[in-house]
Amino acid sequence: DETGSVAGVDSIHADLKSLIEMLLGAEEVGEAHRIVLFVDDLDKCLPMHTLALLESLKLFFRGDSKVVIICCVDADVLRRVVRAKYQHATPTFAESYIEKIFEFSYTVPVITNTQVSGFVNEVYHRSGLAERGIPADQVALEQEVIERVLSRAGPTLSPRRIKHAFNRFIWFLCQPEPLDEYAAIDAEVLDAWLSWLLATEYWNGLSELVSRFGGIA
């Protein structure tokens with residue numbers, strides 16, 4: 001019944017409070033210890049589960065200054081979920097509701113062309129592409145072409161999207177055929193191949209857009 005449900009929630013809340021106090025231990029004078037909880041990949045949850053989780057976190061940890069919760073979520077997705085659940089016609093309702101959940105929000109800016117270069121260098125070496133035993137000038141050529149392809153005007157890229165594209169690039173560059181591992185790859189040909197691979201990363205969205213205008217020929 002409802003009374004039992006409330007009692008159960010109160011019991012869980014009390015257990016969480018005890019756990020927090022146990023983890024933090026006794027605070028030293030003049031020091032404030034906190035638990036920072038990172039919640040990522042919420043976009044991979046079912047929409048209603050995402051909202052239920054956020055509401056539960058807000059309920060259980062409200063007024064608790066010892067717990068800081070950092071959530072990473074697509075704001076547009078969250079707005080659609082709020083509107084779908086509450087069927088509210090007011091355009092500003094979703095924004096107001098989300099403001100009640102989060103005390104502070106920050107929009108991560110889109111990666112700029114000037115930032116692509118450093119990110120390409122980092123991901124290239126982390127992926128192991130530079131350890132294939134190829135000449136240094138070939139490594140430089142591949143990085144240059146990859147950077148040029150990703151910096152080209154077109155789709156909006158995020159670090160996650162760049163990593164997805166890199167997985168395709170890695171697959172291509174590590175193929176024994178049709179590439180000869182001992183031969184230099186022509187920059188123009190490499191540019192064309194990587195541009196195509198980048199396009200395939202956006203194929204679902206592209207095909208959906210084209211289909212609105214009579215389908216794909």
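Trainee: What should I know about the model before reading it?

Mentor: It is a predicted model, with residues numbered from 1 along each chain as its sequence is written.

Trainee: How many helices and strands does the chain have?

Mentor: Elements are DSSP runs, numbered from the N terminus: helices are H or I with at least four residues, strands are E with at least two. Here there are 9 helices and 2 strands. Their order along the sequence is α-β-α-β-α-α-α-α-α-α-α.

Trainee: What share of the residues is buried?

Mentor: Buried means under 20% relative accessible area, exposed over 50%, and partly exposed in between (1.4 Å probe, protein chains only). Of the 217 residues in the chain, 25% are buried. Thr-50 in helix 2 is buried, at 6%. Contact means heavy atoms within 4.5 Å. Setting aside neighbours within four places in sequence, Thr-50 is in contact with Leu-42, Cys-45, Val-73 and Leu-78.

Trainee: How do I read an aromatic pair?

Mentor: A pair of aromatic rings is described by the distance of the centres and the angle of the planes. Rings of Phe, Tyr and Trp (its six-membered ring) pair if their centres lie within 6.5 Å; planes under 30 degrees apart are stacked, over 60 edge-to-face, and the rest tilted. The whole structure has 5 such pairs. One of them, Tyr-86 with Tyr-97, is tilted, at 5.0 Å centre to centre and 45 degrees between the planes.

Trainee: Which parts does the pair of Tyr-86 and Tyr-97 tie together?

Mentor: Tyr-86 lies in helix 3 (residues 75-86) and Tyr-97 in helix 4 (residues 93-101), so the pair links parts that are 11 residues apart in sequence. Tyr-86 is partly exposed, at 33% relative accessible area. Tyr-97 is buried, at 18%.

Trainee: Why is the pair of Phe-93 and Tyr-97 tilted?

Mentor: The ring centres of Phe-93 and Tyr-97 are 6.0 Å apart and the planes meet at 35 degrees, so the pair counts as tilted. Both residues lie in helix 4, 4 residues apart, about one turn of the helix. Tyr-86, Phe-93 and Tyr-97 form one aromatic cluster.

Trainee: How many disulfides does a search find?

Mentor: A disulfide is a covalent bond between the sulfur atoms of two cysteines. The cut-off is a pair of cysteine sulfur atoms within 2.5 Å. The search finds 0 disulfides. For Cys-71, the closest cysteine sulfur is in Cys-72, at 7.6 Å, too far for a bond.

Trainee: Where is Cys-174 placed?

Mentor: Cys-174 sits in the loop between helix 7 and helix 8 (187-201). Cys-174 is partly exposed, at 43%. Beyond its neighbours within four places in sequence, Cys-174 is in contact with Leu-129 and Arg-132. Leu-129 is 45 residues away along the chain, yet the two C-alpha atoms are separated by 8.0 Å.

Trainee: Which residues lie nearest the centre of the largest pocket?

Mentor: On a 1 Å grid over the protein atoms alone, a pocket is an open set of points where a 1.4 Å probe fits, with protein on both sides within 12 Å along at least five of seven lines; lining residues have an atom within 4 Å of a point. Nearest the centre are Cys-71, Cys-72, Val-73, Asp-74 and Tyr-106, among 48 lining residues. Helix 2 (47-61), strand 2 (67-71), helix 3, helix 4 and helix 7 (159-173) each give two or more residues to the lining.

Definitions and conventions. This is a predicted model: local features need pLDDT of at least 70, side-chain atom pairs count only at pLDDT 80 or more; totals for chains, interfaces and linings use all residues. Side-chain values use heavy atoms; hydrogens and water are left out.
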